[in-house]
Amino acid sequence: RYILFAKKNTLGKHFVDKYRIKLIERVSNIAAILDELLEEDVIQEETYDKIRVLPTCQDKMRELYSGPLKAGGIKVKDKFYTILEKKERFLVDELKEMK
């Protein structure tokens with residue numbers, strides 16, 4: 001229950017949605033995140049390949065947001081958040097401290 005609470009702020013907006021712009025700008029470990037999303041069947045091989053060939057981390061994150069994160073709903077956002085906590089822990093911690 002605590003983990004679920006941490007994923008949303010007091011207004012009920014998911015962490016992944018609230019910090020969309022910051023995450024697009026600052027996530028740098030996107031390859032490892034994509035690997036884990038594929039491994040956990042959150043994205044399919046075709047989506048993985050499509051995102052991997054994009055030139056910048058920002059392009060990859062935008063594609064992830066406009067495709068799988070948008071279509072997958074809360075469960076996919078929860079998985080993505082959990083992966084972010086592992087792969088981009090310092091960024092997630094910093095964003096949690098922001099008001």
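**Exercise 1. Helix H4**

Which residues of H4 are buried? Then state what they pack against.

*Solution.* This is a predicted model, in which local features need pLDDT of at least 70, side-chain atom pairs count only at pLDDT 80 or more, and totals for chains, interfaces and linings use all residues. Residues are numbered from 1 along each chain as its sequence is written, and side-chain values use heavy atoms, with hydrogens and water left out.

Step 1. Buried means under 20% relative accessible area, exposed means over 50%, and partly exposed lies in between (1.4 Å probe, protein chains only).

Step 2. Read off the residues. Ile30, Ile33, Leu34, Glu36, Leu37 and Leu38 are the buried residues of H4.

Step 3. Find their partners. These buried residues pack against H5 and H6. Contact here means heavy atoms within 4.5 Å.

**Exercise 2. The overall make-up**

Give the helix and strand count of the protein, the order of its elements and its buried share.

*Solution.* Step 1. Helices (H or I, at least four residues) and strands (E, at least two) are DSSP runs, numbered from the N terminus. On that basis the protein has 7 helices and 0 strands.

Step 1. The order from the N terminus is α-α-α-α-α-α-α.

Step 2. Of the 99 residues in the protein, 35% are buried.

Step 3. Take the contacts between residues at least 6 apart in sequence. Among these, 64% join residues at least 24 apart.

**Exercise 3. H4 against H6**

Describe how H4 crosses H6, and classify the residues in the contact.

*Solution.* Step 1. Axes are lines fitted to C-alpha atoms, for helices over the stretch in contact, and angles run from 0 to 180 degrees between N-to-C directions. The axes of H4 and H6 come within 10 Å and cross at roughly 65°.

Step 1. Assign the hand. A crossing is left-handed if the near helix is turned anticlockwise from the far one by less than a right angle, and right-handed if clockwise. H4 passes H6 in a left-handed crossing.

Step 2. List the residues. H4 contributes Ile30, Ala32, Ile33, Leu34, Glu36 and Leu37. H6 contributes Cys57, Lys60, Met61, Leu64, Phe80, Ile83, Leu84, Lys86 and Lys87.

Step 3. Sort them. Ala, Val, Leu, Ile, Met, Phe, Trp, Tyr, Cys and Pro count as nonpolar, Asp, Glu, Lys and Arg as charged, and the others, Gly among them, as polar. The H4 and H6 contact has 11 nonpolar, no polar and 4 charged residues.

**Exercise 4. H5 and H7 against H6**

Decide how H5 and H7 are each oriented to H6.

*Solution.* Step 1. Set the classes. Angles under 35 degrees count as roughly parallel, over 145 as roughly antiparallel, 65 to 115 as roughly perpendicular and the rest as oblique.

Step 1. Take H5 (residues 45-52) and H6 (residues 57-87). Their axes come within 9 Å and cross at roughly 150°. H5 and H6 are therefore roughly antiparallel. The crossing is right-handed.

Step 2. Name the partners. Thr47, Lys50, Ile51 and Arg52 in H5 meet Lys60, Glu63, Leu64 and Pro68 in H6. By class, that is 3 nonpolar, 1 polar and 4 charged residues.

Step 3. Take H7. The axes of H6 and H7 are 5 Å apart, at an angle of about 110°. That makes H6 roughly perpendicular to H7.

Step 4. Name these partners. Tyr81, Leu84, Glu85, Lys86 and Lys87 in H6 meet Arg89, Val92 and Lys96 in H7. The contact has 3 nonpolar, no polar and 5 charged residues.

**Exercise 5. The largest nonpolar core**

Name the core members that touch the most other members, and the helix that supplies the largest share.

*Solution.* Step 1. A nonpolar core is a set of buried Ala, Val, Leu, Ile, Met, Phe, Trp, Tyr and Cys residues joined through side-chain atoms within 4.5 Å.

Step 1. The largest core has 27 residues, and Leu23, Leu37, Met61, Leu64 and Phe80 touch the most other members.

Step 2. H2 (15-18), H3 (20-26), H4 (30-39), H5, H6 and H7 (89-97) each supply at least two residues of this core. The largest share, 9 residues, comes from H6.

Step 3. Zoom in on Phe80. Leaving aside neighbours within four places in sequence, Phe80 contacts Val16, Ile33, Leu37, Met61, Leu64, Tyr65 and Leu69.

**Exercise 6. Asp41**

Locate Asp41 and comment on its phi.

*Solution.* Step 1. Asp41 lies in the loop between H4 and H5.

Step 1. Its phi is positive, near 60°, although Asp41 is not glycine. Most residues other than glycine have a negative phi.

Step 2. Asp41 is exposed, with a relative accessible area of 64%.
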